[in-house]
Amino acid sequence: MIDIGANLAHDSFDADREALLQRAWDAGLEAIIVTGSSAASNEQALQLARAHPRRLYSTAGLHPHHATEWDETLAARIAELAREPQVVALGECGLDYFRNHSPHEDQRRAFIAQLGLAIQADKPVFLHQRDAHADFHAILRDYRRAIPGCVVHCFTDNAEALDAYLALDCYIGITGWVCDERRGLGLRELVKRIPAERLLIETDAPYLLPRSIKPSPKDRRNEPAYLPWVLKAIAEVRGDDAAQLAAQTAANTRRLFGIT
Ligand SMILES: [Zn+2]
């Protein structure tokens with residue numbers, strides 16, 4: 001299994017980052033892609049990847065929540081980071097009209113700029129979309145042909161959005177949202193429609209702790225070692241063999257991100 005999205009630069013991991021990685025390997029993970037989502041986390045994610053070769057990889061980008069921070073200095077630094085061999089994707093970038101931490105105009109500007117950097121670096125993009133499908137899809141469609149690959153991470157949208165992303169040949173990242181018996185009901189139906197070769201799995205740690213974990217961790221903090229719970233939920237709803245699905249999603253991850 002490979003976790004395509006863990007926010008390991010998050011300060012909730014400061015006290016036990018190495019122990020947490022050991023738990024992940026013990027749980028059967030082969031590798032983790034550490035999400036970069038801000039100027040500071042991009043740097044920290046790369047440092048982690050450098051310290052754990054062939055186990056950790058990183059991304060470099062600016063999350064739509066922080067889109068007001070987009071400027072030429074950051075753009076130049078992300079372009080530089082994108083040339084590092086450990087940095088396997090641009091992003092996390094995209095649009096989030098659910099929380100609206102940054103004005104929509106700023107979000108679109110930062111998103112478009114990062115798609116441009118992905119084309120320049122010839123690397124795939126790690127995408128975030130929440131409550132913004134129409135604008136997000138219109139922008140992505142314009143750039144899609146020039147981008148070597150992309151994943152819509154933490155997909156939680158509806159059938160129409162899923163079909164539109166699949167038509168653009170996007171990979172789809174599924175998180176522990178799928179483990180939620182109530183909130184994840186719609187997603188559990190849609191997960192059945194994702195072609196096996198387009199499916200990726202992720203924890204989005206420390207967020208989105210799978211609700212199916214028994215006993216539930218007291219601190220509510222998610223971590224990569226819980227990825228098997230995500231895999232298990234997806235395998236159950238699809239009627240897939242879990243080991244086969246693990247191998248398939250890991251192969252998908254290696255193909256998209258160029259990890260050998
Ligand atoms: Zn996200």
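**Entry 1: Thr 253**

I looked up Thr 253 and found it buried, with a relative accessible area of 0%. Buried means under 20% relative accessible area, exposed over 50%, and partly exposed in between, with a 1.4 Å probe and protein chains only. Thr 253 sits in helix α9, residues 242-257. Helices (H or I, at least four residues) and strands (E, at least two) are DSSP runs, numbered from the N terminus. I left aside the neighbours within four places in sequence and listed the contacts of Thr 253: Ile 2, Ile 4, Ile 33, Leu 200 and Gly 258. Contact means heavy atoms within 4.5 Å.

**Entry 2: what I am working with**

The model is predicted, so to speak of local features I need pLDDT of at least 70, and side-chain atom pairs count only at pLDDT 80 or more, while totals for chains, interfaces and linings use all residues. Residues are numbered from 1 along each chain as its sequence is written, and side-chain values use heavy atoms, with hydrogens and water left out.

**Entry 3: the zinc ion**

Which residues coordinate the zinc ion? I noted Glu 92 (OE), His 128 (ND1) and His 153 (NE2), at 1.9 to 2.1 Å. Donors are N, O and S atoms within 2.8 Å of the metal (3.2 Å for Na, K and Ca); water is not among the atoms, so sites may look incomplete. The spacing of the donor residues in sequence is E-x35-H-x24-H. Glu 92 in strand β4 (residues 87-96) and His 153 in the loop between β6 (150-152) and α6 (159-167) are 61 residues apart, and the pair links distant parts of the chain. I found both Glu 92 and His 153 buried.

**Entry 4: backbone checks**

Most residues other than glycine have a negative phi, and most peptide bonds are trans. I looked for departures from this.

- Gly 91 and Glu 92 are joined by a cis peptide bond, with omega about 20°.
- Ala 205 and Pro 206 are also joined by a cis peptide bond, with omega about 10°; Pro 206 lies in the loop between β8 (199-201) and α8 (227-238).
- Cys 154 is not a glycine, yet has a positive phi of about 45°. I placed Cys 154 in the loop between β6 and α6, and it is buried at 13% relative accessible area.
- Leu 208, not a glycine either, has a positive phi of about 55°. It is in the loop between β8 and α8 and counts as partly exposed at 21% relative accessibility.

**Entry 5: helices α4 and α5**

How do α4 and α5 lie to each other, roughly parallel or roughly antiparallel? The axes of α4 (residues 104-121) and α5 (residues 133-143) come within 11 Å and cross at roughly 25°. Axes are lines fitted to C-alpha atoms, for helices over the stretch in contact, and angles run from 0 to 180 degrees between N-to-C directions. I therefore put α4 and α5 down as roughly parallel. Angles under 35 degrees count as roughly parallel, over 145 as roughly antiparallel, 65 to 115 as roughly perpendicular and the rest as oblique. From α4 the contact includes Phe 111 and Leu 115, and from α5 it includes Phe 136 and Tyr 143. I sorted the residues of this contact into eight nonpolar, no polar and two charged. Ala, Val, Leu, Ile, Met, Phe, Trp, Tyr, Cys and Pro count as nonpolar, Asp, Glu, Lys and Arg as charged, and the others, Gly among them, as polar.
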